[in-house]
Amino acid sequence: MALTSSYYTSREAQTYLRIGKTRLFELIKTGQLTPFKLGGRLRFEGTDLRAYVDRERQGTAAA
């Protein structure tokens, strides 16, 4: 899934990261992802999602 917008819903973030709801909220709780509220709902910045993927990719390469 290519990111074309600036902000994403929880479900869109899950789809992009290919993770479930529980894992998404674990990432929020541990500070690995930082959502914000827009219209009373959680949103994620596309740049934050890409940065998380990049960090994970670097961590995998180092292992």
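Is E26 buried, exposed or partly exposed? E26 is partly exposed, at a relative accessible area of 38%; buried means under 20%, exposed over 50%, and partly exposed lies in between, with a 1.4 Å probe and protein chains only. This is a predicted model, in which local features need pLDDT of at least 70, side-chain atom pairs count only at pLDDT 80 or more, and totals for chains, interfaces and linings use all residues. Residues are numbered from 1 along each chain as its sequence is written, and side-chain values use heavy atoms, with hydrogens and water left out.

**Overall architecture**

- The protein chain has three helices and three strands. These are DSSP runs numbered from the N terminus: H or I of at least four residues for helices, E of at least two for strands.
- From the N terminus on, the order of elements is β-α-α-β-β-α.
- The chain has 63 residues, and buried residues make up 22% of them.
- Its accessible surface comes to about 4,600 Å². Carbon and sulfur atoms account for 49% of that surface. Areas come from the Shrake-Rupley method with a 1.4 Å probe; for residues, only the protein chains shown count as cover.
- Take the contacts between residues at least 6 apart in sequence: 49% of them join residues at least 24 apart. Contact means heavy atoms within 4.5 Å.

- The three strands form an open sheet in the order 1-3-2, with antiparallel pairing. Strand 1 (7–8) and strand 2 (36–38) are the edge strands, and each pairs on one side only.
- Two strands pair if DSSP finds at least two bridges between them. Strand 2 and strand 3 (residues 41–45) have three bridges, in the antiparallel sense.
- K37 has L42 of strand 3 as its bridge partner.

- Helix 1 spans residues 10–17, and its buried residues are S10, A13, Q14 and L17. They lie on the same side of helix 1 because they cover an arc of only 100° around the axis. The arc is that of the directions from the helix axis to the C-beta atoms.
- R18 follows helix 1 and lies in the loop between helix 1 and helix 2.
- The phi of R18 is positive, near 55°, and R18 is not a glycine. Most residues other than glycine have a negative phi.
- R18 is exposed, with a relative accessible area of 76%.

**Nonpolar core**

- The largest nonpolar core has nine residues: Y8, A13, L17, L24, L27, L33, F44, L49 and Y52. Such a core is a set of buried Ala, Val, Leu, Ile, Met, Phe, Trp, Tyr and Cys residues joined through side-chain atoms within 4.5 Å.
- Helix 1, helix 2 and helix 3 each give two or more residues to this core.
- Y52 touches L17, R23, L27, Q32 and L33, leaving aside residues up to four places away in sequence.

**Salt bridges**

- There are two salt bridges, each a side-chain nitrogen of Lys or Arg within 4 Å of a carboxyl oxygen of Asp or Glu.
- R23 pairs with E26, with the closest N and O atoms 3.4 Å apart. The two are three residues apart in helix 2 (residues 21–29), so about one helical turn separates them. R23 is partly exposed, at 35% relative accessibility.
- D54 pairs with R57, with the closest N and O atoms 3.8 Å apart. They too are three residues apart, in helix 3 (residues 46–62), and about one helical turn separates them.
- D54 is partly exposed at 39% relative accessible area, whereas R57 is exposed at 55%.
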